[in-house]
Amino acid sequence: MSEPNISGGLLGGVLIGIAALLLLLLNGRIAGISGILGGIIKSDVPGERFWRIAFICGLMLGAALYAFMRGGFALRLQADAPMLILAGLLVGSGTRLGSGCTSGHGVCGLARRSPRSAVATITFMIVAALTVFVTRHLF
Amino acid sequence: MSAIVSALFIGALFGLGLAVSEMIDPARVIGFLDVTGRWDPTLLFVMGGALALTVPAFPLILRCARPLLADFFALPTKSKLDGSLIAGAMIFGIGWGIAGFCPGPALAALTSGSPGVALFVVAMIAGQWLAALREKHS
């Protein structure tokens, strides 16, 4: 593991915060990535898809821009292919069933003072920490 | 049209934030979740930096009659603490703890061209799709 990146974490967090409040102020939307992605896969309103696709493209462009400026970014995968597939299935179905992920519940939901988001955030944080404990320290 | 351009720009800001904070790197996320190991608090500062802005700003923005580029605020309508919320958060937590990826960082990390990330994202979309099917049948 590496040393904590406090300045990068704070700066990145502020950028994410600015993005979340701009999306609410300009587009009237919650910056929850699982919800934005989910609406592309399944949407009843045809015009709904375009802003979502634009946002996800932007998300990837932003990361690519950073990689271009800094010569890449650290990406240390923590699981092998079968476990990545299992984890992806769990993250996709869980965020759909639970109406959100780290950004939607964690960053935006808490800011809306939503009790559902507070419960969801505490739940997934604790369960994820327990999962890491079980997979890294027990086995 | 302007709402689509703003979504693209705001998405880029979000993706840049994920890269700057190194949340794209699953080792950082697992380091945060590994509370009994060598704990890495970086994720806490990311959440703190974001919440320091959104917590005071969201109520102010929601006092406006409407957003600047759309007709209305599209906010979540559910308010009940139900089993789906808890079960979903638990299932998500297990997946997050296994891989160290949540949806935003996984999509941003796709740009690295890593096949492992691509596998995760395809599975994640399949998982969303499967869970959406269940909604139709319930």
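Trainee: In which helix is the place of B:Val55?
Mentor: This is a predicted model, in which local features need pLDDT of at least 70, side-chain atom pairs count only at pLDDT 80 or more, and totals for chains, interfaces and linings use all residues. Residues are numbered from 1 along each chain as its sequence is written, while chains are lettered from A and ligands numbered from 1 in the order in which they are written. Helices are DSSP runs (H or I, at least four residues), as strands are (E, at least two), numbered from the N terminus. By that numbering, B:Val55 has its place in helix H3 of chain B.

Trainee: Does B:Val55 count as buried, exposed or partly exposed, and why?
Mentor: A residue is buried if 20 or more other C-beta atoms, placed from the backbone, lie within 10 Å of its own, exposed if 12 or fewer, and partly exposed in between. Because B:Val55 has 15 C-beta neighbours inside 10 Å, this residue counts as partly exposed.

Trainee: Which residues does B:Val55 touch, not counting residues up to four places away in sequence?
Mentor: Two residues are in contact if their C-beta atoms, placed from the backbone, lie within 7 Å. With residues up to four places away in sequence left out, B:Val55 touches A:Leu110 and A:Ala111.

Trainee: How many residues of H5(A) are buried, and which are they?
Mentor: H5(A) is mostly covered, with 9 of its 10 residues buried. The cover includes H1, H2 and H6 of chain A, together with helix H3 (42-61) and H5 of chain B. Just after H5(A), A:Arg113 takes a positive phi of about 55°. The buried residues are A:Thr102, A:Ser103, A:Gly104, A:His105, A:Gly106, A:Val107, A:Cys108, A:Gly109 and A:Ala111.

Trainee: What is the reach of H3(A) from its first C-alpha to its last?
Mentor: H3(A) has 23 residues.

Trainee: What covers the buried residues of H3(A)?
Mentor: The buried residues of H3(A) include A:Trp51, A:Arg52, A:Phe55 and A:Tyr66. Their cover draws on both chains. It includes H1 and H2 of chain A together with helix H1 (2-20) and helix H5 (103-109) of chain B.

Trainee: Which residues does A:Ala74 touch, not counting residues up to four places away in sequence?
Mentor: A:Ala74 lies in the loop between H3 and H4 of chain A. The residue is partly exposed, because 14 other C-beta atoms lie within 10 Å. Leaving out residues up to four places away in sequence, A:Ala74 touches B:Glu22 and B:Asp25.

Trainee: At what angle do the axes of H6(A) and H4 of chain B cross?
Mentor: Two packed helices are described by the angle between their axes and the distance between the axes. Axes are lines fitted to C-alpha atoms, for helices over the stretch in contact, and angles run from 0 to 180 degrees between N-to-C directions. The axes of H6(A) and helix H4 (residues 83-99) of chain B come within 7 Å. They cross at roughly 35°.

Trainee: What is the make-up by class of the contact of H6(A) with H4(B)?
Mentor: Among the residues that meet there are A:Phe124 and A:Val127 in H6(A) and B:Phe92 and B:Trp96 in H4(B). Ala, Val, Leu, Ile, Met, Phe, Trp, Tyr, Cys and Pro count as nonpolar, Asp, Glu, Lys and Arg as charged, and the others, Gly among them, as polar. The contact has 15 nonpolar, 5 polar and 1 charged residues.

Trainee: Which element gives the largest share of the side of chain A that touches chain B?
Mentor: In all, 99 residues of chain A are in contact with 105 residues of chain B. By class, the side of chain A has 65 nonpolar, 27 polar and 7 charged residues. The largest share, 21 residues, comes from H1(A).

Trainee: How many helices and strands are there in chain A, and how many in chain B?
Mentor: Chain A follows the pattern α-α-α-α-α-α along the sequence, and buried residues make up 58% of its 139 residues. The elements of chain B run α-α-α-α-α-α from the N terminus on, and 54% of its 138 residues count as buried. Chain A has 6 helices and 0 strands, and chain B comes to 6 helices and 0 strands.

Definitions and conventions. The expected span of a helix is 1.5 Å times one less than its number of residues.
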